[in-house]
Amino acid sequence: MAGSVTFTMIKPDAVSNNHIGAILQKINEAGFTIRAMKYTHLTPESAGKFYAIHKERGFFNDLVSFMSSGPIVAAILEKDNAVADFRDLIGATDPTKAAPGTIRAMFAKSIDANAMHGSDSDENAIIEGNFFFSELERF
Ligand code: GDP
């Protein structure tokens, strides 16, 4: 039976620290199926659009600058209860508060360079997946 989907990015810190392989392994081991994936580099403009919901927050400029500082891996993942299960897998936004064994606890260094993005709702998972992938790029 088809599960629900979530959207993720392996952020520039985790890519530049060579954690792509280990992170994808953890994602697969947790039961997620990859429905679409690309290695790309956000421009400041595209990072600003993706994170527009945060534009009034004090950290917005730092977030845009960090997310456009290097390549990322974007992916659509499928699993029953994908959004909540994936947020459990990545752990708290602040890696110092992330549970042991979560991806952020293992691979993130700080709240801004926190290794992973995970959608916060089914609705945003669709919007975010559509931001990166056309119909032809999904399976
Ligand atoms: P998430 O859903 O766990 O990614 O967290 P949020 O939606 O609240 O924030 C989006 C992203 O903004 C986070 O993943 C962080 O990269 C960044 N961020 C959140 N809070 C802070 C902060 O206090 N300072 C900085 N520099 N970045 C933050």
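## About the model

This is a predicted model, in which local features need pLDDT of at least 70 and side-chain atom pairs count only at pLDDT 80 or more, while totals for chains, interfaces and linings use all residues. Residues are numbered from 1 along each chain as its sequence is written, and side-chain values use heavy atoms, with hydrogens and water left out.

## The ligand and its shell

Polar contacts (pairs of N or O atoms within 3.5 Å) can be followed to particular side chains: an N or O atom in the side chain of N114 is 2.9 Å from an oxygen atom of the ligand, and for R87 the corresponding distance is 3.1 Å. A polar side-chain atom of R104 lies 3.2 Å from an oxygen atom of the ligand. Taken alone, the ligand exposes 550 Å² (by the Shrake-Rupley method with a 1.4 Å probe), and the protein buries 79% of that area.

## The largest pocket

The ligand sits in the largest pocket, which is to say that more than half of its atoms lie within 2 Å of the pocket's grid points. A pocket is an open set of points on a 1 Å grid over the protein atoms alone, with protein on both sides within 12 Å along at least five of seven lines, and lining residues have an atom within 4 Å of a point.

About 670 Å³ of space lies in this pocket, and of its 26 lining residues, Y51, I53, H54, L63 and H117 lie nearest its centre. The lining comprises ten nonpolar, seven polar and nine charged residues, and α7 gives the most to it, with four residues.

## The enclosed cavity

The structure also holds one cavity of 30 Å³ or more, a cavity being a set of points where a 1.4 Å probe fits but cannot get out. The largest cavity, with a volume of about 30 Å³, is lined by T8, I10, L24, I27, M37, V73 and A75. Six of these lining residues are nonpolar, one is polar and none is charged.

Terms used. Polar contact = N/O pair within 3.5 Å; in protein donor to acceptor, adjacent residues only side chain to side chain. Points joined across faces, edges and corners; volume = space filled by probe spheres on them. Nonpolar A, V, L, I, M, F, W, Y, C, P; charged D, E, K, R; others polar. Helix = DSSP H or I, 4+ residues; strand = E, 2+ residues; numbered from the N terminus.
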